[in-house]
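Subject: The structure we talked about

Hi there,

Here is the structure for you to open alongside this email.

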Amino acid sequence: MLTEKIDRSQIVIAKRDVFDNNDAEYWKQATIKEKLQTITYLRECFYGEEATKKHPVDAGGFQRVHTMFKLK
């Protein structure tokens, strides 16, 4: 049960495009590490911790595919 009250001093009312612009600016300035941490967090939220294990083949995550071509 949630017992904390909402901090109403942090609530902002604005048009959606203002928030979209702020988000875009934030992600433009975010480091690669911050972006990857966020992607990992979201994958865990949607697919569980198994989705971010070190061995993606076992976890059902992304798989690496290598293709070889013969040169003439």
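Below is what turned up in it, from the overall fold down to single side chains.

First, some ground rules: this is a predicted model, in which local features need a pLDDT of at least 70, side-chain atom pairs count only at pLDDT 80 or more, and totals for chains, interfaces and linings use all residues. Residues are numbered from 1 along each chain as its sequence is written, and side-chain values use heavy atoms, with hydrogens and water left out.

**Confidence and overall fold**

The mean pLDDT (the predictor's confidence in each residue, from 0 to 100) is 78 for the protein chain, and 82% of the residues score at least 70. Secondary structure amounts to three helices and zero strands, in the order α-α-α along the sequence. Helices here are DSSP runs of H or I with at least four residues, strands are runs of E with at least two, and both are numbered from the N terminus.

Of the 72 residues, 7% count as buried, where buried means under 20% relative accessible area, exposed over 50% and partly exposed in between (1.4 Å probe, protein chains only). The accessible surface comes to about 7,900 Å², with 56% of it belonging to carbon and sulfur atoms; areas come from the Shrake-Rupley method with a 1.4 Å probe, and for residues only the protein chains shown count as cover.

**Helix α1**

A search of the whole structure finds one salt bridge, meaning a side-chain nitrogen of Lys or Arg within 4 Å of a carboxyl oxygen of Asp or Glu. The partners are Glu 25 and Lys 28, with their closest N and O atoms 3.6 Å apart. Both lie in α1 (residues 16–29), three residues apart, or about one turn of the helix. An α-helix has 3.6 residues a turn, so residues three or four places apart point the same way. Glu 25 is partly exposed at 40% relative accessibility, while Lys 28 is exposed at 62%.

**Aromatic pairs**

There are two aromatic pairs in the structure. Tyr 26 and Trp 27 make an edge-to-face pair, 4.9 Å centre to centre with 80° between the planes. Phe 46 and Tyr 47 make a tilted pair, at 6.5 Å and 50°. Rings of Phe, Tyr and Trp (its six-membered ring) pair if their centres lie within 6.5 Å; planes under 30 degrees apart count as stacked, over 60 as edge-to-face and the rest as tilted.

**Helix α2 and its surface**

Why does the length of α2 (residues 32–47) agree with expectation? The expected span is 1.5 Å times one less than the number of residues, so its 16 residues should span 22 Å, and the end C-alpha atoms are 22 Å apart. Gly 48 follows α2, with a positive phi near 90°.

Leu 42 is found in α2 and is partly exposed at 40%. Phe 46 is exposed at 65%, as is Tyr 47 at 62%. Together with Tyr 41, these residues form a nonpolar surface patch with about 540 Å² of accessible area. Patches are made of residues with over 30% relative accessible area and no salt bridge, joining like charges within 9 Å and nonpolar side chains (Val, Leu, Ile, Met, Phe, Trp, Tyr) within 5 Å.

Best wishes
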